[in-house]
Number of protein chains: 2
Amino acid sequence: MSDFPALKNDRFLRALNRESVDVTPVWMMRQAGRYLPEYRATRAVAGDFMSLCMNTELACEVTLQPLERFPLDAAILFSDILTIPDAMGLGLYFETGEGPRFHKPVRSAAEVEALQVVNTAKDLTYVTDAVTMIRRELNGRVPLIGFSGSPWTLATYMVEGGSSKDFRRAKAMAFDTPEVMHMLLDKLADSVIDYLNAQIRAGAQAVQIFDTWGGALSHAAYQEFSLAYMEKIVNGLIREHEGHKIPVILFTKNGGQWLEAIAATGCDAAGLDWTTDIGNARQRVGSQIALQGNMDPTMLYASPAAIRAEVGRILQSFGDGNGHVFNLGHGITPDVKPEHAGVFIESVHELSAKYHA
Amino acid sequence: MSDFPALKNDRFLRALNRESVDVTPVWMMRQAGRYLPEYRATRAVAGDFMSLCMNTELACEVTLQPLERFPLDAAILFSDILTIPDAMGLGLYFETGEGPRFHKPVRSAAEVEALQVVNTAKDLTYVTDAVTMIRRELNGRVPLIGFSGSPWTLATYMVEGGSSKDFRRAKAMAFDTPEVMHMLLDKLADSVIDYLNAQIRAGAQAVQIFDTWGGALSHAAYQEFSLAYMEKIVNGLIREHEGHKIPVILFTKNGGQWLEAIAATGCDAAGLDWTTDIGNARQRVGSQIALQGNMDPTMLYASPAAIRAEVGRILQSFGDGNGHVFNLGHGITPDVKPEHAGVFIESVHELSAKYHA
């Protein structure tokens, strides 16, 4: 692996390590996505969404597309958060307008017991192959981020059999038979450790854990069923690879109330959604971790002037100094005009220089 | 109005005023609702949802139904949060499985300018008539809560034309033409003041403002577009009526990060959803206001033992002393077994006595 080209733009990694940068680095969750016409064209070639994820060349192609348009400071592997349950044999499929679904949800103790921890080298080589190809094709332009869903987030889809409004089945399992939910979460945490370490060995230079649904829990249940397993993962990850530190970002959507606990896991950075004031978050945990975020993605439907003003407001709230990776507070949405994403990214670079003087 | 029967159970009002009580009072948001077979029967008689709201006798009947089953400490007017926009002429209707919709959404400056502040005495007498009838029928058993949606929450439905996942139209109005959104919010705040004061004069003994969608905003946008108008309402309300204090509860779902700002409006209590640790919330604002909440409503799908344990955990988190009204963190859902709601309510009374010794 050591034959990867040298990194030319390390702003993203430096910011995660709270080191000085010239301007605030920026990337967007779901930056390779449906808002880009070139993505829609490639997706049409691939067929359905999972075929695109499983096709190494096409997954690499869509990963790089947003970098051709915008001066982004990081690339993120194009994949789905549900690859792990799919590899466990649940049968992932996508129903139009319905989101992800599983043919075989996991609801009983016997079904949880029967699950095997994922062996990435055997079951998910399409992901690690894509990581290596993307890393080569990036040619050192920017770092490559690997990722996984959090155990709790994966468990909600596995127990519910798909998306859910209130997670009543997953929560009933957690509240009524916590030992069964803990067995499931433990197998998922071990799987995520194997999966992310394989991505790191394949070329990922930082990793992010997406805890999309941890914020649907109470504070106590979040600690017990989501954060404890993310902490296990943080402790099980390769944190240095071939002489480079591998930063870990935890992103719990709607987790702004729990930042102190998130920082205490030993992660390098926390992702913030837009409901958290980033200046306040920095006061609370900025001496321990970096912060990533946090513009409301819906702001991208507003005018370029409004987008620029909001970027300026967030930069000002964070203030002078290090430890900020700019991002949206959640994934970019399909109907956004690509030019508006461009205004967002350019505004971050332009308006942040003065905070790094 | 002074001929209303004397109040026999004043726990709820005492707790809102942070006075001593024998046990922690409890009620449930949406306690008159579809999880009760007797509600479904009355609703079938009324026809559609708005016909039920507009029928004084039937609205009174469903308001009282949960009190016949459970030892609740408050009743809440049965109505809809969208009565105000309906009275403004937007044409509220309900599409099966789609939630509320408006025939005439409000999207342009001209449409906002044309809106008239609601005159409750003229346009919403079906609500104040129901308040007076319920108050009489309650016969002093427990206090009656009046309510309204918050200006921002009402505005989202009015601009979007119904429910929305990301509020892109309402947010675009706020971000691109803030002066138009402010004009809309100001008319709504004046309407809510008129509406809630009319409910107070008709017999409501406390009022709650439901800010269901304030939590979808950034911290800065929440202050500007939601909280500022709730503060205007708090300042415009009748706070004492016929010798009794009228407490005001502000409930911003997903607003746990902003409690200090909510407390600073001058309200008497803040509603908490289940993501906020109530002990932590009490430390932050418990010397200024009472707190209402905050069990995850999904917990009602779990076993009676799990419900009881969770009630105990929340009571312990709040700790000894005054200023807690127990509630769910959001409305009770249609598929909950009524017996589970009963376990919840009885557990609050049973397990809280020791904290008031």
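The structure is a predicted model, in which local features require pLDDT of at least 70 and side-chain atom pairs count only at pLDDT 80 or more, while totals for chains, interfaces and linings use all residues. Residues are numbered from 1 along each chain as its sequence is written, and chains are lettered from A, with ligands numbered from 1, in the order in which they are written. Helices (DSSP runs of H or I, at least four residues) and strands (DSSP runs of E, at least two) are numbered from the N terminus.

Most residues other than glycine have a negative phi, and most peptide bonds are trans. In chain A, Gly293(A) and Asn294(A) are joined by a cis peptide bond with omega of about 0°. Asn294(A) belongs to the loop between β10 (290-292) and α15 (304-318) of chain A. In chain B, the bond from Gly293(B) to Asn294(B) is cis, and its omega is near 5°. Asn294(B) is located in the loop between β10 (290-292) and α15 (304-318) of chain B.

Positive phi values were also found. Phe167(A), a residue other than glycine, has a positive phi near 55° and is placed in the loop between α9 (151-160) and α10 (168-176) of chain A. Phe167(A) is classed as buried (20 or more other C-beta atoms within 10 Å of its own, with C-beta atoms placed from the backbone), because it has 23 C-beta neighbours inside 10 Å.

Asn139(B) likewise has a positive phi, near 55°, and lies in the loop between α8 (125-138) and β4 (144-149) of chain B. Asn139(B) is exposed (12 or fewer such atoms), since 12 other C-beta atoms lie within 10 Å.
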